[in-house]
Amino acid sequence: MEQSITCFVQVSEKPVETAASLNQLTRNSMVKKVYLLSEQPPHELLLSYKVLWIKSLSLFSTKTVKSIAAFADSEFTLIYLKKSALNIGAYSLERFAQICKDSQAGLLYSDYYESRKGSLKANPLNDYLEGSLRDDFNFGSLLFYRSSELKKATEQMSGDHHYAGLYDLRLRLSRQAGIFHIPELLYTDIEADEISSEEKQFAYVNPDNRAIQIEMEQACTAHLKALGAWLAPNFNTVDLSQGEFQVEASVIIPVRDRKRTIEDAINSVLSQQAAFKFNLIIVDNYSTDGTTDIIRRYAQLDERIIHVVPYRKDLGIGGCWNEAIAHPHCGRFAIQLDSDDMYIDNNVLMKIVDAFYTQNCAMVVGSYKMVNFKLQEIAPGIIDHREWTPDNGRNNALRINGFGAPRAFYTPLLRQIKVPNTSYGEDYAVGLRISRHYQIGRIYEPLYLCRRWDENSDASPDMAKINAYNHYKDTLRTFELRARIAKNSKNHE
């Protein structure tokens, strides 16, 4: 398999970094050619490696992807996504080629090391699932393609994306030949750029990235249509008059050990002004820090507060939600409030309940403002999820990482569905399930102050936790993808 790989490398602003990568690739007996991708001609230092140049404004554009396919004249194609120096492991290219041949995969990726300040850290990655549709799926920085499948996929690409070309290619390959993860550490990223987990988490709702998101949605929508999983904007009607309820709305707060914030959350609910009766159900999941005493004191002063301590001790956030919605005093609508957050003013419940009736929906999602512990606005500011549109929102929900907040549900339906007993992604699971059949109402003005502080449940997670979170949501998407394909198949019978 000698000289069976054509490589494509982005040019760094620092020629020495690209030179380090070229030094690895051009000396490897598996490599046939190396192409440099850049807008301007490369530095003469780089051309001395006898490489070729392709003018490229963006590695992620459809135009560049098609150029890569056109110049890939060997059995395999390697694309290095980063501009920092690459260090290939011993016999790693042989390993990639061997597994690509055996598996007949269209695309391979592997685990890798990250070298930072002289130390190596292993970065294990997740397996690619049917539902791994999010455009920020972490493949690492080295992508290994079977060139015949690469060419076949690009021949079918009709769009002209500036940002979503590589994403479009990946989706096509997943349908065409499969994408596989090699759970081996086959290369090292040297001094890779460090982006905080929070910056990654909210990148898709940053207004500056709106043009990118539009293209990603277009590519994902085309993929869902090709799979038979795309849902037309035809929704079941919701009968909001079902059942007898003592109150119109219940705010649900699952809580464990939040003595620093629970009073603020409670007061933001009690201060609400509404033309209907409402209550507050706090599910106290065996707090140990004094939170229980605070809740008990408030409950003694205001009959609207229902303090629930579950019988079970194995409940996550989702399990606590099930306790609340099953409670006989739960209202017609169940409205979310996290124990460390607050409503933005005293009209939030009115706006949410009005949205249920005016939009005839089974779930309502609002918008929120990011603040610090002192309630001062922090970046990225208002998160309004404008990528959620009435016509295509439930399809785009399979690509993005969440539905937004605050969330509210029609209680009779939620009692049927139930909430997964987890403490991450449980709301996403319910949102996907509801959106399969019903319209989800939207309120684009901020209703909620989301406090970011060191005790947030998702604050600074390590790589293992990030992988676990992402894998769970990819699994949920896989379940939902199959359910939607089955739904469409049944409708066409």
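Okay, ground rules. It's a predicted model, so local features need pLDDT of at least 70 and side-chain atom pairs count only at pLDDT 80 or more, while totals for chains, interfaces and linings use all residues. Numbering runs from 1 along each chain as its sequence is written, and side-chain values use heavy atoms, with hydrogens and water left out.

Let's start inside, with Phe356, which sits in helix H12, residues 348-359. Helices here are DSSP runs of H or I, at least four residues, and strands are runs of E, at least two, numbered from the N terminus. Is Phe356 buried or exposed? Buried, because its relative accessibility is 0%. The cut-offs: buried is under 20% relative accessible area, exposed is over 50%, partly exposed is in between, with a 1.4 Å probe and protein chains only. Skipping neighbours within four places in sequence, Phe356 has contacts (heavy atoms within 4.5 Å) that include Leu240, Phe333, Met363 and Tyr410. Ser423 is 67 residues from Phe356 in sequence, and 26 Å away in space, C-alpha to C-alpha.

Next, helix H15, residues 426-435: 9 of its 10 residues are buried. Among them are Tyr428, Val430, Leu432 and Ile434.

Now outside. Lys14 is in the loop between strand S1 (5-10) and helix H1 (15-26), and counts as exposed because its relative accessibility is 51%. Lys14 and His43 are 29 residues apart in sequence, with 9.6 Å between their C-alphas.

Last one: Leu120, in strand S7, residues 119-123, is exposed, at 55% relative accessible area. That's my tour!
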